[in-house]
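Student: I have a model open and want to learn how to read it. Can you take me through some features one at a time?

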Amino acid sequence: MRPRVITAVIALIIFIPIVLLGGVTYDIMAIVLGLVAMSEIFIMRKKIIVSLEALLGGLAVLAIMIPNSWLPAGTNRLFIFYLIVMLMLVNMVFSKNRVNFDDVGVTSLAAVYIGLGFHYFIAARQESLMMLFYILFTIWATDIGAYQIGRKLGKHKLAPQVSPNKTWEGSIGGTLCAVIIGGIFVAFVPEIQLYSLPTMILFTLIFSICGQLGDLVESSYKRHYGVKDSGKILPGHGGILDRFDSLLFVLPIVHLFTLI
């Protein structure tokens, strides 16, 4: 417990000032987090991260992740991503099938999954500081509420084959906490109330559910790869994917609802 608390305090001391500062410093932080998350996919798959395969994977996630303001006007990032995927496929030939089609598929999917999540993590801060905090508070309220209520009242397993400790009671409790915290936040910060208050509360409910799905998805592929944590960069907390699994699912949905 002590390493977990120490890590959380240090991370917040670094994270919060950068979030408040915003700008290029925040963008660089998000990009570094995305690249580390991508490296965790390779490590979980027991792949060498100092390799052409990992380099192309890093370029693929960068092509999706970097903010629009960093690209020349008219740049087609989808085409750039496609060219990198083509290079991954060509690499199968020159690696003599040490890199195979399945590897390229996983790397491409991971680049989209991680890249879009962190791209909209940047976009949320560019939209406004309060919008980013609204999203973070919704996720944090879900996580804390689900853990506390699940520990005290949880009896019915939510997805025992994937995450045996999660319960329906915890999941519902976490969502209720998110709706309460998110609703209060929206009500008192009118600048982020882009729709009516009931609509924003409905969105909060959806974001909370999506965040929990993101958590379960990460648990699923970690179980597939036979690892407890996605990485070890955060002692007591695991890796970047362990900390951002919910946000990677929620942020594209937030964009879909035109909040960012």
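Predicted model: local features only at pLDDT ≥ 70, side-chain atom pairs only at ≥ 80, totals over all residues.

Student: Which residues line the largest cavity?

Tutor: The lining is made of Glu53, Met88, Asn91, Val99, Asp103, Val104 and Thr107. By type, three are nonpolar, two polar and two charged. Two helices, H4 (77-94) and H5 (101-127), each give at least two of the lining residues. H5 has the largest share, with three residues.

Student: Glu53 is on that list. Is Glu53 buried or exposed?

Tutor: Judge that by relative accessible area; buried means under 20%. Glu53 has 6%, so Glu53 is buried. Glu53 sits in helix H3.

Student: What does Glu53 touch beyond its neighbours in sequence?

Tutor: Leaving out residues up to four places away, Glu53 touches Phe42, Arg45, Lys47, Asn91, Arg98, Val99, Asp103 and Thr107. Among these, Asn91, Val99, Asp103 and Thr107 also line the largest cavity. For a distance along the fold, take Glu53 and Leu89. They are 36 residues apart along the chain, and their C-alpha atoms are separated by 10.0 Å.

Student: Now the core. What is the general idea?

Tutor: In soluble globular proteins, nonpolar side chains tend to be buried together. The largest nonpolar core here has 66 residues. Ile114, Phe118, Phe121, Tyr134, Ile135 and Leu241 touch the most other members. H5 supplies the largest share of this core, 11 residues.

Student: Take Leu241. What does Leu241 touch?

Tutor: Setting aside residues up to four places away in sequence, Leu241 touches Ala37, Glu40, Ile41, Met44, Tyr113, Ile114, Glu218, Tyr221, Ser230 and Leu248. One of them, Ile114, is also among the core residues that touch the most other members.

Student: How many disulfides does the structure hold?

Tutor: Look for two cysteine sulfur atoms within 2.5 Å. The structure holds zero disulfides. Cys177 is in none, and the nearest cysteine sulfur, that of Cys210, is 18 Å away. Cys177 is partly exposed, at 24% relative accessible area. Cys210 is buried, at 14%.

Student: Lysines next. Is Lys222 buried or exposed?

Tutor: Lys222 counts as buried, because its relative accessibility is 11%. Lys222 lies in helix H8 (residues 197-225). Beyond its neighbours within four places in sequence, Lys222 is in contact with Met44, Val227, Lys228, Asp229, Ser230 and Asp242. Lys222 and Leu248 are 26 residues apart in sequence, and their C-alpha atoms are 16 Å apart.

Student: And Lys46: is Lys46 buried or exposed?

Tutor: Lys46 is exposed, with a relative accessible area of 68%. Lys46 lies in the loop between helix H2 (23-44) and helix H3 (52-65).

Student: Where is Thr258 found?

Tutor: Thr258 is in the segment after helix H9 (240-256).

Technical notes
Residues numbered from 1 in each chain as written. Heavy atoms only, no water. 1 Å grid on protein atoms, 1.4 Å probe; cavity = no way out; pocket = protein on both sides within 12 Å on 5 of 7 lines; lining within 4 Å. Helix = DSSP H or I, 4+ residues; strand = E, 2+ residues; numbered from the N terminus. Nonpolar A, V, L, I, M, F, W, Y, C, P; charged D, E, K, R; others polar. Core = buried A, V, L, I, M, F, W, Y, C linked by side-chain atoms within 4.5 Å. Buried < 20%, exposed > 50% of the residue type's maximum accessible area, 1.4 Å probe, protein only. Contact = heavy atoms within 4.5 Å.
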